[in-house]
Amino acid sequence: MIRFIAVRLLRAMITIFAVVTFAFVVLRMSGDPAQVMLGPDVPQEAVDAFRRSWGLDQPLWIQYVAYIKSIFTGDFGVSMRDKASALDLVLQRLPATLQLTLPALLLKLVFGIPAGVYAALHRQSFADRGVILLAVLGFTIPSFVMGLLLVLIFAVILGVLPSGGQDTWMHGILPTVTMSIGGIGILARFSRSAMIEVMGQPYIRTASAKGLKWGDVVWNHALPNAAVPIVTIVGFMVGSLIAGAVVVESIFSWPGIGRLLIVSVSNRDLAVVQCILLIIAAAMVVSNLVVDLLYGWLDPRLRSNAAH
Amino acid sequence: MDRASSNLVELRDLKVAFDGVQVLHGIDLNVGRGEAVGLVGESGCGKSVTWLAALGLLPGKASVSGSVQLDGQELAGGPREAFERVRGGRIAMIFQDPSSSLNPVLRIGRQIVEALSLHRGLRGDAAKREALRLLDMVGIPDARRRFDLYPHEFSGGQCQRLMIAMALAGEPDLLIADEPTTALDATIQAQILDLLIQLRAETGMATVFISHDLGAVSQVCERVCVMYAGRIVEQGSVAQLFSEPRHPYTRGLFDAIPRIDGPRQRLIPIPGTVPNPKHLPEGCSFQPRCFRAVEACRSERPSLETSADGRQLACFRPVPANGPVETRTRMTEDMLQ
């Protein structure tokens with residue numbers, strides 16, 4: 001078990017390292033922060049001074065080594081724009097993002113899983129077809145279209161909800177709903193197919209042959225087996241709690257990490273972008289690790305495989 | 001009424017269709033109290049479907065008609081609850097693939113205790129004691145230590161023993177064993193058969209033994225039904241069928257078994273394959289593969305007739321009693337060419 005976790009942790013470290021490296025290189029090759037920050041018409045001396053002060057005149061590999069070193073000391077750099085600690089800037093925005101993503105995750109779980117399970121248990125019924133249709137619509141309509149559509153209906157036509165900003169809890173409704181719809185669709189589909197698969201297994205027939213009531217067969221015998229694929233998807237959703245709101249935050253002018261990311265990328269604010277990507281990667285990797293551990297808890301067969 | 005009280009289970013004209021394709025064409029079958037009946041036939045002939053249908057265990061897309069009576073009480077067409085009351089407690093069933101028939105994520109102790117609390121109201125320590133007794137009874141060594149293990153930590157044969165223990169938990173009047181040994185090694189097969197025989201002797205429960213293994217059927221059962229393409233084609237006591245199989249299909253099944261005693265002989269396979277239920281041949285379903293088929297067999301279907309000795313047979317030209325083997329052999333070989 002310890003070996004299992006150690007291997008996973010090592011793998012997680014490698015993943016994060018790869019993301020950090022990739023972000024570092026791509027950001028430096030895709031544009032010059034000095035040009036963006038200072039504007040097009042500044043004298044060359046000012047550009048050179050800017051570069052020197054941020055260490056951008058150094059060879060790339062020296063910058064990289066310095067960056068990696070500073071990460072290990074907990075220093076994620078300073079924003080070129082606000083001259084503040086990049087980490088502080090990002091962490092200031094975190095609560096706003098979680099205000100959207102956590103309720104959205106809750107909506108996904110509460111609506112997606114039961115809808116999928118219900119559809120699976122009433123296969124080919126009207127309800128099943130309805131769930132499939134809505135699920136496909138839900139996850140094929142891009143969130144920027146869905147967001148604008150909801151704004152059109154609830155803010156413009158009906159005028160019952162605000163279209164942007166973060167002033168009251170009412171402002172959170174449209175972005176949260178926009179963000180959850182795709183996830184509800186995905187979870188509904190996965191739960192449905194997982195349950196259909198499980199309900200066709202011999203042990204479900206055994207449970208029925210035993211005399212168990214239908215509800216007990218579903219609840220005690222089918223759902224625990226369908227949990228593994230569902231947990232996989234939920235794990236991805238948890239992993240994207242931080243990064244999942246980029247588009248929606250932009251549509252609804254929500255001051256979260258997603259909007260900070262977009263602004264920082266267009267400003268080539270290197271330290272902030274790198275810090276956000278690092279946190280996103282870490283969140284994804286940690287949730288994957290937790291999912292791996294959950295597999296073992298949910299399915300004893302995987303537990304003994306991991307031990308060997 | 002008299003008849004109803006003498007038989008535990010009576011199936012009348014039981015029919016099953018999947019997506020409009022008829023796979024069971026009207027099965028009439030009685031199982032007496034404490035009796036052991038064998039159901040024999042090739043894969044896909046409807047042996048298992050018969051009993052899954054009788055217990056309402058077929059998936060929703062199957063349409064079932066006919067009558068299923070338990071102690072004179074009609075089950076077929078009734079609500080799901082009626083079946084749920086019967087399953088496990090009155091009629092228990094074990095299956096072909098024991099390893100995948102146990103829930104992989106639940107401890108085996110819990111799976112057995114679940115049946116005990118459902119049918120006998122046992123809880124806690126009492127349930128565990130009884131479960132351990134059952135595990136001991138079906139021959140799981142070191143049951144106390146292995147009570148909290150999962151199914152994948154047991155071998156196939158042991159899983160079948162666990163399935164049997166779970167089936168016994170409801171103290172059923174009838175155990176339906178659906179090819180319980182097919183997926184197991186030969187030595188384990190014999191152990192499971194012995195266990196079934198012994199348990200029936202100890203508990204007095206009736207047994208329906210579904211198999212394509214005639215040898216196993218002869219060990220376990222008193223009466224045998226031979227099924228072909230969704231119908232019973234011959235039925236009689238083990239002694240009757242084994243000494244004098246009359247239906248050419250039954251005869252074919254015997255000729256396809258190797259014998260350890262007697263002179264070395266070529267096995268005689270039944271030519272052809274089981275017909276597709278979508279396109280059953282005209283007349284008798286077995287007629288295209290039958291070495292005794294005549295013109296009448298191709299146009300009309302023989303019905304199941306009961307003869308004076310109690311044997312039931314559906315054939316226009318049955319194998320003559322004590323008929324010469326040689327004739328049949330030569331004819332089959334002609335057909336094979």
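Among the elements of chain B, confidence is lowest in helix α14 (residues 325–336), with a mean pLDDT of 47. Strand β6 of chain B has the highest mean, 96. The model is predicted, and these scores state the predictor's confidence in each residue. Over residues 326–337 of chain B the pLDDT falls below 50. Beyond near neighbours in sequence, this stretch makes 9 contacts in the model. Chain B as a whole averages a pLDDT of 89. In chain B, 94% of the residues score at least 70.

Chain A also has a mean pLDDT of 89. Here 98% of the residues reach 70 or more. Among the elements of chain A, helix α14 (residues 300–307) has the lowest mean, 70. Helix α9 (residues 202–209) of chain A has the highest, 95. The model scores an ipTM of 0.87 and a pTM of 0.85.

The UniProt record, an unreviewed entry, annotates parts of chain A as "transmembrane region". The annotation covers residues 12–31, 100–121, 133–157, 169–190, 230–251 and 271–295. Two of these stretches can be followed in the model. Residues 169–190 of chain A are 95% helix and 0% strand. The end C-alpha atoms of residues 169–190 lie 31 Å apart. Residues 271–295 of chain A are 100% helix and 0% strand. For residues 271–295, the end C-alpha atoms are 36 Å apart.

Chains A and B touch each other. The contact involves 23 residues of chain B and 20 residues of chain A. On the chain B side, the elements that give two or more residues are α3 (80–86), α4 (98–101) and α5 (108–120). Helix α5 of chain B gives the most, with 3 residues. By class, the chain B side has 11 nonpolar, 8 polar and 4 charged residues.

The domain assignment of chain B gives domain 1 (2–221) and domain 2 (246–336). The C-alpha centres of the two domains lie 30 Å apart. The contact between the domains takes 8 residues from domain 1 and 6 residues from domain 2. Strand β2 (residues 21–32) of chain B gives the most to the domain 1 side, with 3 residues. The domain 1 side has 5 nonpolar, 2 polar and 1 charged residues.

Strand β2 of chain B is also part of a hairpin with strand β1. Strand β1 (residues 7–18) and strand β2 run antiparallel and are joined by 9 bridges. Within this pair, B:Leu14 stands opposite B:Ile27. The hairpin has 2 residues between its strands, and B:Asp19 in this hairpin takes a positive phi near 50°. Strand β1 of chain B also pairs with strand β4 (residues 62–70). Strands β1 and β4 are antiparallel and share 8 bridges. In strand β4, B:Gln69 is the bridge partner of B:Glu10.

Chain B also contains an open sheet of 8 strands, with mixed pairing. The strand order is β6-β7-β8-β3-β9-β10-β12-β11. Strands β6 (91–94) and β11 (305–306) of chain B stand at the edges, each with a single partner strand, so one side of each is left without a neighbour in the sheet. Strand β6 of chain B is also the element with the highest mean pLDDT in its chain. Within the sheet, strand β3 (residues 36–40) and strand β8 (residues 206–211) of chain B pair in the parallel sense over 5 bridges. The bridge partner of B:Ala36 in strand β8 is B:Thr207.

Most residues other than glycine have a negative phi. B:Asp13 lies in strand β1 of chain B. With 13 other C-beta atoms within 10 Å, B:Asp13 is partly exposed. B:Glu171 also has a positive phi, of about 45°, although it is not a glycine. B:Glu171 is found in the loop between α8 (156–168) and β7 (174–178) of chain B. B:Glu171 has 15 other C-beta atoms within 10 Å and is partly exposed.

Notes:
Residues are numbered from 1 along each chain as its sequence is written. Chains are lettered from A and ligands numbered from 1 in the order in which they are written. This is a predicted model: local features need pLDDT of at least 70, side-chain atom pairs count only at pLDDT 80 or more; totals for chains, interfaces and linings use all residues. Domain bounds come from an automatic or database domain assignment. Two residues are in contact if their C-beta atoms, placed from the backbone, lie within 7 Å. Helices (H or I, at least four residues) and strands (E, at least two) are DSSP runs, numbered from the N terminus. Ala, Val, Leu, Ile, Met, Phe, Trp, Tyr, Cys and Pro count as nonpolar, Asp, Glu, Lys and Arg as charged, and the others, Gly among them, as polar. UniProt positions are given in the numbering used here, feature names are shortened, and annotations may be inferred rather than shown by experiment. Two strands pair if DSSP finds at least two bridges between them. pLDDT is the predictor's confidence in each residue, from 0 to 100. A residue is buried if 20 or more other C-beta atoms lie within 10 Å of its own, exposed if 12 or fewer, and partly exposed in between; C-beta atoms are placed from the backbone.
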